[in-house]
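The sequence and structure come next.

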Amino acid sequence: MSYIKKTDPEIYEYIEREKIRQAEGIELIPSENYTSPAVMEACGSILTNKYSEGYPFKRYYGGQENIDHIESIAIGRAKKLFGADHANVQPYSGSPANAAIYFAVLEFGDTVMGLKLDHGGHITHGLPIAYSGKAYNFVQYEVDINTGRIDMEEVRKLAKKHKPKLIIAGFTAYPRDIEWKKFKEIADEVGAMTMADISHTAGLIASKVLESPVPYFDIIMTTTHKTLRGPRGAIILCKEKFAKAIDKAVFPGFQGGPHEHTIAGKAIAFHEAMQPEFKKYSEQVKKNAYHLAEKLKEKGFNLVSDGTDTHLILIDLTNKNVPGRKAQEALDTVGITLNKNTIPGEPRSPMDPSGIRLGTPAITTRRMREPGMEQIADWIDRVISNIDNTDLHRKIKEEVKELCLNFPVPGIKI
Ligand SMILES: *Cc1c(COP(=O)(O)O)cnc(C)c1O
């Protein structure tokens, strides 16, 4: 950081402070992770200087003799990691990748099915005020309020009624396994295409800890920065039949020059995800989430769907009489970071909903295991049960910091 320190002390100061925050706090936001120093080196490399509109060996600018190889390697690894026919590694992030997919296979106004936002869907899956909801006719399915799980018979009924051109599965706040094969059967019954958005679970799917939609689904999108533990960005995988349409929709349909420094980071992350240690990591992410969920239940917390099959836990705080925002803010003061979240059938507003969402990808990267989960459940319980006791919060902050110093964050030395 010596150059930043000299050139821009103001930004340097905040990066240093953020380093300390990341090292001394417990990161439970389920979409976050700590990427490796190798990935960070690629993202901070001279590759940021290069323009490379087009695709490997078919570019609009000169000087591509190195870039073409980097992007080809990234494509090859993405295909191998997920067993896909085709990969596009250029999407800047998950949201533009989803928009590009819609642009590739739909006409404006076409009917699409996606999970409703307050039931665990993503804003790009048809939120009325978002691009997706404005450009396409989204029909939104829900989870069963009693079980917290997707009711596949409801999905089938809605599909038969609305005859969507595309059905989306894969979510942002859903703690359970997804029945990919059933979604595909329903899609076939109504002649719909299928799109899986595995942004949250891609790392666990790559490790075969969760079932993959790749054998069944037409198109798969994932971000690369969540459980997959790569740089911020996304990739699109698809069956050969959709390859041309997807590539044309990403460039020139939706994007200009690809970010080759990030693509190099993606290639490195895919290589890392193929190693045996990554499989162990993914298995532990799931074990930690299960253990944390069980401990929270013992302390009287209500979990949506009563548990988890993945890295993610959704707590309904209604019985604790503490709204999600207040819980998030109090936990922030002790160094435990998570996010307030709507619960299925949310009676409150999205800015101050009834729940909190948490997950284990980042703490598992720090090598925390079951004893750490017990400790974290205990702190969450003590903070929420004593929501206004700032003396206690200060004491817990010290305990959190002490635990964290025994579990270094990759790439951070303090
Ligand atoms: C995170 C996420 C996205 C969007 O990713 P961004 O990189 O934040 O744009 C899309 N879909 C799902 C299901 C996600 O969880």
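## Ligand contacts

How far from an oxygen atom of the ligand does a polar side-chain atom of Thr172 lie? The distance is 2.8 Å. The protein covers 88% of the 390 Å² of accessible area that the ligand has on its own; accessible areas come from the Shrake-Rupley method with a 1.4 Å probe, and for residues only the protein chains shown count as cover.

In the side chain of Ser93, an N or O atom is 2.4 Å from an oxygen atom of the ligand. Gly94 takes part through its backbone, with a polar atom 3.0 Å from a ligand oxygen atom.

## Basis of the values

This is a predicted model, in which local features need pLDDT of at least 70 and side-chain atom pairs count only at pLDDT 80 or more, while totals for chains, interfaces and linings use all residues. Residues are numbered from 1 along each chain as its sequence is written, and side-chain values use heavy atoms, with hydrogens and water left out.

## Ligand shell

Around the ligand there are 14 residues, of which Ser93, Ser95, Thr172, Asp197 and Lys226 come nearest; a residue is near a molecule or strand if one of its heavy atoms lies within 4 Å of it. By class, the shell has two nonpolar, 10 polar and two charged residues. Here Ala, Val, Leu, Ile, Met, Phe, Trp, Tyr, Cys and Pro count as nonpolar, Asp, Glu, Lys and Arg as charged, and the others, Gly among them, as polar.

H5 gives the largest share of the shell, three residues.

## Chain

The chain has 16 helices and 15 strands; helices (H or I, at least four residues) and strands (E, at least two) are DSSP runs numbered from the N terminus. Its C-alpha trace spans about 60 × 60 × 40 Å along the principal axes.

The accessible surface of the chain is about 18,500 Å², and carbon and sulfur atoms account for 52% of that.

## Thr111

Thr111 lies in strand E5, residues 111-115. Thr111 counts as buried because its relative accessibility is 17%.

The side chains of Thr111 and Asn137 are joined by a polar contact of 2.8 Å. A polar contact is a pair of N or O atoms within 3.5 Å; within protein, one must be able to donate a hydrogen and the other to accept it, and residues adjacent in sequence count only if both atoms are side-chain atoms.

Methods. Buried < 20%, exposed > 50% of the residue type's maximum accessible area, 1.4 Å probe, protein only.
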